[in-house]
Amino acid sequence: MAARDAARRAGPARHRPAPAGKLYEEEEDDALPDSDALPDSDDEVELDKPRPIQIVLAHEDDHNFELDESALEKILLQEHIKDLNIVVVSVAGAFRKGKSFLLDFMLRYMYNRTSPCWIGGNTEPLTGFTWRGGCERETTGIQIWSEVFVIEKPNGTKVAVLLMDTQGAFDSQSTIKDCATVFALSTMTSSVQVYNLSQNIQEDDLQHLQLFTEYGRLAMEEIYQKPFQTLMFLIRDWSYPYEHAYGLEGGRKFLEKRLQVKQNQHEELQNVRKHIHSCFSNLGCFLLPHPGLKVATNPNFDGRLNDIDEDFKNELRNLIPLLLAPENLVEKEISGSKVTCRDLVEYFKAYIKIYQGEELPHPKSMLQATAEANNLAAVAGAKDLYSKGMEQVCGGDKPYLAPSDLEQKHQDFRESAIRHFRSVKKMGGEEFCRRYQEQLEGEIEEIYANFVKHNDGKNIFYAARTPATLFAVMFAMYIISGLTGFLGMNSIAALCNLVLGMALISFCTWAYVKYSGEFREVGTAIDQIAEAIWEQVFSKLFEVLRRRTVRRALTSVPRQRLSSNNNKKKN
């Protein structure tokens with residue numbers, strides 16, 4: 001009963017985060033729900049209280065991500081919102097740059113948007129998405145606010161607004177693939193992506209944006225014009241208001257200057273800017289001042305406005321409505337069609353499966369990509385050196401070379417190619433380069449196998465092996481058939497005639513394939529069968545005959561000597 005009384009006194013706080021000032025508390029007094037609608041336990045009150053919900057879980061052991069489908073469905077498939085078009089505002093960027101801090105001010109606006117004092121009281125701690133000071137990361141994976149806000153736009157249509165927080169990029173525990181996956185997922189599923197940067201837009205920020213958006217674009221099966229919608233560059237701690245003023249207009253001029261494609265720019269810099277323009281339907285930039293030294297250095301800072309500089313608060317009052325005011329809301333679209341809450345659940349499921357699979361190439365760090373390119377270039381150079389050497393020995397119209405000599409030349413050129421690979425200066429370290437040396441050795445063996453086949457093709461006896469084998473089979477079957485027929489073994493004679501007929505048909509088919517160039521697979525199969533017969537039957541017979549001939553020759557020599565000695569003695 002005490003828990004029930006406490007819940008009654010708490011009123012609708014179970015539907016909202018911590019209060020946002022006196023005005024917020026006064027609004028609550030007029031909206032107390034009926035006591036029968038309240039939960040029966042403190043646990044149920046806590047369960048229903050709005051809070052951040054993890055929907056994409058990050059597994060640090062295998063650097064993989066998992067979608068909590070039940071949590072996502074519980075939030076987005078509620079009856080009153082599941083068929084509404086959705087607006088998703090996401091904040092992404094490097095870790096420890098104040099993304100969750102910013103989202104909590106967005107929450108204050110959403111809960112008090114009709115009030116001019118939505119930003120809250122001066123002594124009010126900031127609550128909502130978890131955040132803290134310090135240098136270690138706080139958010140992992142992707143989180144969304146458990147309460148989806150239903151907003152009526154100026155045209156009278158209602159939309160659902162969802163706030164999304166993402167894992168910070170480039171922390172000490174995340175790979176480039178982790179960062180790219182989180183950024184790409186949030187960009188693909190959001191209608192407004194806030195790219196949270198510190199102090200300036202540097203070239204590496206644009207390069208990372210290019211990498212992450214391309215990783216997202218690869219996962220989208222259908223690309224309708226520009227694949228993503230609105231990207232808002234949010235420059236925190238802007239220190240140059242004398243060049244570009246705080247706010248949206250100063251940010252617009254600054255962004256135009258940063259993303260301008262110039263004729264004298266390097267091609268790489270031009271491609272980055274063209275890529276960004278090709279990915280987003282709308283680009284914006286907002287310059288936000290530093291919140292003050294108390295925010296940056298006080299370990300006990302809890303978000304109270306009286307600790308934040310006035311310039312920051314003034315610009316914050318402009319920024320948040322710019323993103324979340326009803327007239328500024330951007331509904332989520334994919335392939336030109338607006339997305340409902342129900343649709344977004346399915347898109348999340350589809351996208352996470354793609355990133356869990358192996359269909360997409362893994363993004364790499366700049367060092368790793370450069371080291372790979374460096375080693376692959378060395379492999380290509382060494383392979384080319386080997387191929388040119390072998391071409392001079394047995395390539396083109398060079399005469400047939402004995403297999404033992406070809407093997408020796410192969411070993412010489414192989415060692416020369418490996419020495420060339422080792423002599424090239426490469427990045428990545430010895431162990432990294434060893435993998436590419438093994439790759440080089442494997443590719444050289446494949447090239448050598450092709451040279452062996454090419455060399456064998458120049459041997460007239462090798463080229464005639466198939467017809468000679470088939471003729472030998474037909475001749476043998478003809479003789480055996482005649483003998484067995486003469487002795488009355490008609491069944492064996494008939495079997496031999498059948499084999500003879502099949503050999504004759506095979507010979508005719510082989511001749512047609514060689515003449516016309518058609519049905520090459522059939523010709524290859526006949527060659528393989530003939531080669532197997534040659535190796536397993538005729539080659540062994542010839543070897544046996546050769547050994548017997550040599551043995552008889554060796555045994556006849558002493559006899560001849562002995563007989564000649566006896567003749568000399570008689571004389």
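Throughout this tour, buried means under 20% relative accessible area, exposed over 50%, and partly exposed in between, computed with a 1.4 Å probe on protein chains only. The model is predicted, so local features need pLDDT of at least 70 and side-chain atom pairs count only at pLDDT 80 or more, while totals for chains, interfaces and linings use all residues. Residues are numbered from 1 along each chain as its sequence is written, and side-chain values use heavy atoms, with hydrogens and water left out.

Begin by selecting Arg 342, which is partly exposed at 37% relative accessibility. Its side chain meets that of Asp 83 in a salt bridge, 2.6 Å from N to O, the term standing for a side-chain nitrogen of Lys or Arg within 4 Å of a carboxyl oxygen of Asp or Glu. By this rule the count comes to 17 salt bridges. Helices (H or I, at least four residues) and strands (E, at least two) are DSSP runs numbered from the N terminus.

Next, select Glu 124 and Arg 108, whose closest N and O atoms are 3.8 Å apart in another salt bridge. Glu 124 is buried at 10% relative accessibility, and Arg 108 is buried as well, with a relative accessible area of 6%.

For a group in place of a pair, select Glu 69, Glu 73, Glu 346 and Lys 349, which are linked in a network of salt bridges.

Finally, display helix 6 (residues 176-189) together with helix 12: their axes, lines fitted to C-alpha atoms over the stretch in contact, come within 11 Å and cross at roughly 155°. Angles run from 0 to 180 degrees between N-to-C directions, and those over 145 count as roughly antiparallel, so helix 6 and helix 12 are roughly antiparallel to each other. The contact (heavy atoms within 4.5 Å) is made by residues including Lys 177, Ala 184 and Met 188 of helix 6, and Leu 344, Phe 348 and Tyr 355 of helix 12.

Technical notes: Parallel < 35°, antiparallel > 145°, perpendicular 65-115°, else oblique.
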